[in-house]
Amino acid sequence: MIPAVKVEKLGKRFRRYRSSPYQPLMETITAGWRRSAPADAFWVLRDICFEVAPGEMIGIVGRNGAGKSTLLSLMAGLLKPEEGSIQLRGQVGALLDLGMSLHPLLTGRENIRTAGLFSGLTNMQVDDRTDQIVAFTGIGEFLDAPVRTYSTGMKARLAFSIATHADPDILLIDEFLFVGDHLFQDACLERIQALMRNGTAVLLSSHASEKISENCDRALWLDKAGLRAIGPADDVLREYLANSAPAAALGSDQS
Amino acid sequence: MADRPMIASSQASPDKADTLRWRQAHESPLSWKQWRNLGDQFLHLVAVELRLLHKRSMIGMAWTLVNPIVQLVIFTVVLGRVLAVDTLYYPVFLCCGLLCWNAFSESLTMASASIVNTRYVLYQPGFRPAMMPLVFVVMGQAHFLLSLSILAALLVYFQIPLGWPVLALPLLLLVQGLLTLALAFPLAALSVSFYDTKHLLSVALRFLFFLTPILYATDNFPRVLQILYAANPLTHLIRGYRAIFIDGVWPDWPALIGVAAGSAIVLVVGYRFFEARRFRFIEDIE
């Protein structure tokens, strides 16, 4: 089997900010234009190796700050790793930051075209699929209203629907499925399973570990910037939950 | 507990993977289909950003004409009549300078803020941020083209005949676009990390306005000032527009080629600076 995703020795370093993300220009000038000093940087991910097969769904668990979102952002090409490599076969679809990829002032229809084109569809394919995308979301008459008038649930449905109707070979989902109600979650899982039957590899990060053990084939546990364990979802989650019990959490929590 | 062996997937796959034509994610050269996709994305973004810019106003794009007309009237009255500047066809002379300057400063201001203001595209997988400055420079040039209708009206009013040199207009527009884009890349990248960039740019543009021969001809200026003006690439562009529209002669080719070559060099350096910082955009933007 040719893997859809192959991650090797992946490492990502972030710079630590002093006060605000907007580092005032004067501060930089007075400090001199020194490149990010080693003391200023820390590793969010280091030495991560894994593969995902086509049609496989892999869950990513870990505490806040363990690097789950960073891992998915690296795979989506939003961030660049300092070490190692990521190899992906085919088109990548991503649901990373809910609502961030939708423009509030543009209509649902315009957002469908934007996200569709960025997912590798042609203009004609976007035209052909708009009806399917809308049917899944149930936004109906809101299609030509600005997205700022949508509820959180509608935005989530729209973003999900666009991403899953663009034929992704690899689908990256960050904490996404768990914003909606149960009906929405079930519909999403059904849609994802249909994609998986067609060979889409799915990577899903979540705190909600029961969802991962129910739906994922395997799970990947990130802990302290490293890959703690990877294997059958049930086994990994049992150990993850045993480790993140309140007593254990108090003992090792840094933040 | 964690020592118990888990199935390590990297050992499960055969080692002949390198023969299977892996696509190195996000760094591989683009296929023809991906280039076409980029073209579609570009045209869509231009349309969307144009609509966002004009959607809430009743007369929409016509506002791009109001501002230069008001400036034109004020400067013509103040400089042309009150201070009695002695220049042939002064309103037309002024119009060439003002339209070129407005297009340059507006394009550059919009393009410099292009990454900060369009974060929705930053979160799309596979998005090329370098597209955004280009989108706004193309938008600015479209506005410029539209505003040239004011100049056309003035040319008709003063009955200035057009000659063959007008054919150099697309070339002048292209060089101006190149110059704007060259400066927009580094400024757009800096704007993400340094909020002060847009304020510095607006101060710099205010200085540059008076170092550009917009309101007056520089022929009788002292030599030191002449050199200063000649060092400004916009001077040569504005003289180019005046040459083809008012004097009916071809622009000063060596100067124009100089501007184009300089812009091209800055463009390459600026683009590389932009690309070197592009992966910090998501980290820095907030």
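Is A:Tyr150 buried or exposed, and what is its relative accessibility? In this predicted model, A:Tyr150 is buried, with a relative accessibility of 5%.

**Close-up 1. Edge-to-face ring pair of A:Phe142 and A:Tyr150.** Over all chains, 19 aromatic pairs are counted. In the pair shown here, the ring centres of A:Phe142 and A:Tyr150 are 6.2 Å apart, and the planes meet at 80°, so the arrangement is edge-to-face; the angle required for that class is over 60 degrees. A:Phe142 is partly exposed at 34% relative accessibility, whereas A:Tyr150 is buried at 5%.

**Close-up 2. Tilted ring pair of B:Tyr216 and B:Phe221.** B:Tyr216 has a relative accessible area of 22% and is partly exposed. B:Phe221 is likewise partly exposed, at 25%.

**Close-up 3. Aromatic cluster in chain B.** One aromatic cluster is formed by the residues B:Trp101, B:Phe104, B:Phe209 and B:Phe210.

**Close-up 4. Charged end of A:Arg46 over the ring of A:Trp43.** The charged end of A:Arg46 lies 3.8 Å from the centre of the A:Trp43 ring, over which it sits.

**Close-up 5. Charged end of B:Arg242 over the ring of B:Phe93.** In chain B, the ring of B:Phe93 has the charged end of B:Arg242 sitting over it, at 3.5 Å from the ring centre.

Notes: Residues are numbered from 1 along each chain as its sequence is written. Chains are lettered from A and ligands numbered from 1 in the order in which they are written. This is a predicted model: local features need pLDDT of at least 70, side-chain atom pairs count only at pLDDT 80 or more; totals for chains, interfaces and linings use all residues. Side-chain values use heavy atoms; hydrogens and water are left out. Rings of Phe, Tyr and Trp (its six-membered ring) pair if their centres lie within 6.5 Å; planes under 30 degrees apart count as stacked, over 60 as edge-to-face and the rest as tilted. Buried means under 20% relative accessible area, exposed over 50%, partly exposed in between (1.4 Å probe, protein chains only). A charge sits over a ring if NZ of Lys or CZ of Arg is within 6 Å of the ring centre and within 35 degrees of the ring normal.
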